[in-house]
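Please walk me through this structure in plain terms, starting with what the words mean.

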Amino acid sequence: MFRVALDTPLRRLFDYLPPAADSGSPAPVPGMRVRVPFGRRRLVGTVVELADSSELPLERLKPILEVLDPKPLLDAAALELIRWTADYYHHPIGEVLAGAVPKALRLGAGAVETEERWTVTEAGVAAHAAGEPRRAHSQRSLLELLSTAGGGASAAALDARGDNWRDAARALKQRGFLTRSDVALELGSEPVRVRAAGPQLLPEQDDAVEQVGKSFGGYAAFLLEGVTGSGKTEVYLRLTERALAAGRGVLVLVPEIGLTPQLVARFRERFEAPLAVLHSALTDSERLAAWRDAWSGRARIVLGTRSAVFAPVPALGLIVVDEEHDTSLKQHEGALRYSARDLAVMRASLAHVPVLLGSATPSLETLHNVDSGRYTRLRLLRRPGEARPPRLALIDLRTSAIDSGVATPAALAMERHLAADGQVLIFLNRRGYAPTLLCTACGWIAPCLECDARLTVHLAAGRLRCHHCGADAPLPARCPQCGFAVKPVGQGTERIEAALATRFPEIPIVRLDRDVVRKRGDLEQVVRRMSSGEARILVGTTMVTKGHDFPNITLVVVLNADQGLFSTDFRAPERLAQTIVQVAGRAGRGARPGEVLIQTEFPQHPLLQSLLTRGYDGFAETALEERRQAQWPPFSRLAALRASGKTREAPLGFLTEARARGANAPRGVRLLGPVPAAMARRAGRFHAQLLIEGRERPTLHRFLDRWVEEVEGLKSAQRVRWALDVDPIELF
Ligand SMILES: [Zn+2]
Ligand SMILES: [Zn+2]
């Protein structure tokens, strides 16, 4: 009996008999794809396990129609990871599996790369000898070519000749002179060469490499903590070198490929070897090609964003997760919401290899795992070339004069740093010109018609845009309600850039946000203008923190630290602290000391104070203690049942019924809500959530297992879109 996972929303495996003897297919082993009958359809599934018996009577079972793979698509550890994912996130295993492989494979394409070949048949040999076909010149010359080329050639080789050979080939095939076949390519792994020796390691780097290196061959989890520029990447590269030298493969996960071109470039510079790069911007065929490179073992370094956590890596030896605190490592859209970081740790444990989590600002979960002894902390304290960390100070917005968002002390500091040939970074996490368009006569505010949100003014483009649903309208000159003049209120990066251009007319300024970076090359251009020193002021959003090097920035001004100090989401302070530290990390690299000024209306806030006096460590300690007292994660476990619908009532009605089904929850499991989202209406749909909190993980998951199936059966479930989010990282 073969137990097969199929891409259906049903939470189970399906039993099949071995392929019929006359089908020509050998019996599959777990991890191979098979084609099976399913109702009236034929589906591609994956054999997950073998079984001695079935719940169904034997006569109702059908045989597998065809085995699609000569060797397993997923090895035992990968298959185990899929099962674990399905269990932990309470998601149908067939859908987890389907999401883990490229679309083409899901539809039945071969995993082995093949080559299209055209071969001369016996009839073709005879025809060629007889000088046929006489009247079709292009056919005759193709037959001539293939006959002299040893009787056949690949389509790629024929394409390379440049003429249109396909019509002739088709005609010759019809006459029985040629055959076309797909031949499996034997792609062995290519030798890996280290192009250039890396720099001399600092003692802390050396120690980190030694400690992780010693644990090769078994599971161990490490946190590699170090500020920007402390040399984390060099540690990844050295460990990769060691793994490759031992004949092992390496999996590297990063939050966003597009924003971290430097890391990919560093791997390419160091290793002369094929690299499989997997991310969401690939086309289906590019993804299939990269996946095949990884699966065949041709590329032994696999680098990718979150879904790459499922990528095949034969003889996996090491997993690296860079920027482990970054929220984009968590899938928070769609039906299956997983944490690629957590799955990476699980995969390492299943594959018996070490996993290295890198960050300048580790997540509180990871720090808690360090405290409880599950992870080993490795720290890179020194910055190569310079020792002094930047000096942080707060600017009280209530007592300072402010001109277009910049307080006087910050403006004076800018003048000072610019006069001393430094560069300045102005950070504001809000793109556009102004977040609000207001009529001063009647109080009208430009609203998004699809969201509970205001439209953002984009002055240069002359548009009003919604940053939540993408709605886009022309910028009106007058109030549509009373006809009076309207004015933009508040600051966005576009407005700050314009204001600074007026204040510092001699100084070239660049901006870095999603409005500026729209296509390939835009980002590189901004980075180049700053690093060459051509531009002296950089205005940017969190994009400035994503792996770019600006060694000459000596001053960082955080324009507004207050979004995030008071939020309903218990993770908001953690995110704020991470952002401030990451932004501050741009200051004072190279030989110059840095200065960081944070503008706030709440200079006495304990979070800002602990960050200022004791750094990220001090903040993390305070924040973890607060979480412990409030019993928030990691001191409890959370799941969120999220729903959205076309009316305000639909999601709330569904969640209320779901809550009623959980009335008999065991001790230690609490249901909280339902509540509408803070921004209930987004893109025309209404959102709400129900929180499920558990003191212990096993109790919570036993409850979820039973409860989700009941929730799925609710009639009201059909009127909404819903998803269970285990370990949510954003709450309404
Ligand atoms: Zn008005
Ligand atoms: Zn909108």
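Two strands pair if DSSP finds at least two bridges between them. Helices (H or I, at least four residues) and strands (E, at least two) are themselves DSSP runs, numbered from the N terminus. This is a predicted model, in which local features need pLDDT of at least 70, side-chain atom pairs count only at pLDDT 80 or more, and totals for chains, interfaces and linings use all residues. Residues are numbered from 1 along each chain as its sequence is written, chains are lettered from A and ligands numbered from 1 in the order in which they are written, and side-chain values use heavy atoms, with hydrogens and water left out.

By the pairing rule, E32 and strand E33 (residues 685-694) are antiparallel partners joined over 8 bridges. Within this part of the chain, Val-669 stands opposite Gly-694 in E33. The pair belongs to an open sheet of 4 strands, ordered E32-E33-E31-E34, with antiparallel pairing. Strand E32 (669-682) and strand E34 (721-726) have a single partner strand each, so one side of each lacks a neighbour in the sheet. From one strand to the next, the twist averages 20 degrees.

Helix H20 (residues 697-713) lies across strand E31 (637-645), E32, E33 and E34, and runs at about 145 degrees to E33. Such angles run from 0 to 180 degrees between N-to-C directions, and the axes are lines fitted to C-alpha atoms, for helices over the stretch in contact. Contact here means heavy atoms within 4.5 Å.

The zinc sites come next. Donors are N, O and S atoms within 2.8 Å of the metal (3.2 Å for Na, K and Ca); water is not among the atoms, so sites may look incomplete. The zinc ion (ligand 1) is held by the SG atoms of Cys-439, Cys-442, Cys-479 and Cys-482, at 2.3 to 2.4 Å. Along the chain these donors follow the spacing C-x2-C-x36-C-x2-C. Cys-439 in strand E22 and Cys-479 in the loop between E25 and strand E26 (486-489) are 40 residues apart, a pair that links distant parts of the chain. Cys-439 counts as buried at 1% relative accessibility, and Cys-479 counts as buried at 4%. Buried means under 20% relative accessible area, exposed over 50%, and partly exposed in between (1.4 Å probe, protein chains only).

Cys-451 is buried, at 2% relative accessibility, whereas Cys-469 is partly exposed, at 29%.
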